[in-house]
Amino acid sequence: VQFEESGGGLVQPGGSLTLSCKVSAAVFHAYSMGWYRQAPGKQRELVATISDRNWADYIDAVKSRFTISRDNAKSTVTLQMNKLEPEDTAAYYCHRTQFPGDPWGRGTQVTVSS
């Protein structure tokens, strides 16, 4: 399985970005997917998940600002990020939530700064 993240960049506080992840895996629609982030000097954390039945969940810090979605026909998972804050600055990764042994992709860097 492979994960290819894209869409990061530099954005001002209050701005928006849309991250996309292409997943190379058989039976993509059967997997729960997650977006993770890792800020410098911090542990990687799970930010949002979406189940195989499209149930979404978020950590409190991003609720009402981030939206996770998936397109099973394209094997992609998307993270729409609005009202970005400097604390959202991190490298963002997508991953299958139930397969911790999967290799990680390169991630995509999000920097929120004025």
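A residue is called buried when its relative accessible area is under 20% and exposed when that area is over 50%, and anything in between is partly exposed. The model is a predicted one, and these classes are used for several of its side chains below.

Six strands make up an open sheet with mixed pairing, in the order E2-E10-E9-E4-E5-E6. Strand E2 (9-11) and strand E6 (56-58) are the edge strands; each has a single partner strand, so one side of each lacks a neighbour in the sheet. From one strand to the next the twist averages 25°. Within this order, strand E4 (residues 33-38) pairs with strand E5 (residues 45-50) in the antiparallel sense, over five bridges. On this pair of strands, Tyr-36 is placed opposite Leu-46 in E5.

The aromatic residues come next. How many aromatic pairs does a search of the whole structure find? The search returns three. Tyr-31 is buried, with a relative accessible area of 17%, whereas Phe-99, at 33%, is partly exposed.

Tyr-36 and Trp-104 form an edge-to-face aromatic pair, with 5.1 Å from centre to centre and 90° between the planes. Here too distant parts of the chain are linked: Tyr-36 belongs to strand E4 and Trp-104 to the loop between E9 and E10, 68 residues apart. Is Tyr-36 buried or exposed? Its relative accessible area is 12%, so Tyr-36 is buried. Trp-104 has a relative accessible area of 33%, so Trp-104 is partly exposed. Together with Tyr-93, Tyr-36 and Trp-104 form one aromatic cluster.

Arginine side chains also meet these rings. Arg-44 lies over the face of Trp-104, 3.9 Å from the ring centre. Arg-96 lies over the face of Phe-99, at 3.9 Å from the ring centre.

Another arginine, Arg-65, is found in the loop between E6 and strand E7 (66-71). With a relative accessible area of 7%, Arg-65 is buried. Which side chain does Arg-65 join through a polar contact of 2.8 Å? The partner is the side chain of Asp-88. Beyond residues up to four places away in sequence, Arg-65 touches Gln-80, Met-81, Asn-82, Lys-83, Leu-84, Glu-85 and Asp-88.

Ala-56 has 38% relative accessibility and so counts as partly exposed. Apart from neighbours within four places in sequence, Ala-56 is in contact with Thr-49, Ile-50 and Ile-68. Gly-101 is 45 residues from Ala-56 in sequence, and the two are 22 Å apart in space, C-alpha to C-alpha.

Notes:
Residues numbered from 1 in each chain as written. Predicted model: local features only at pLDDT ≥ 70, side-chain atom pairs only at ≥ 80, totals over all residues. Heavy atoms only, no water. Pairing = 2+ DSSP bridges. Helix = DSSP H or I, 4+ residues; strand = E, 2+ residues; numbered from the N terminus. Axes fitted to C-alpha atoms, helices over the stretch in contact; angles between N-to-C directions. Buried < 20%, exposed > 50% of the residue type's maximum accessible area, 1.4 Å probe, protein only. Polar contact = N/O pair within 3.5 Å; in protein donor to acceptor, adjacent residues only side chain to side chain. Contact = heavy atoms within 4.5 Å. Phe/Tyr/Trp six-rings, centres within 6.5 Å; stacked < 30°, edge-to-face > 60°. Lys NZ or Arg CZ within 6 Å of the ring centre and 35° of its normal.
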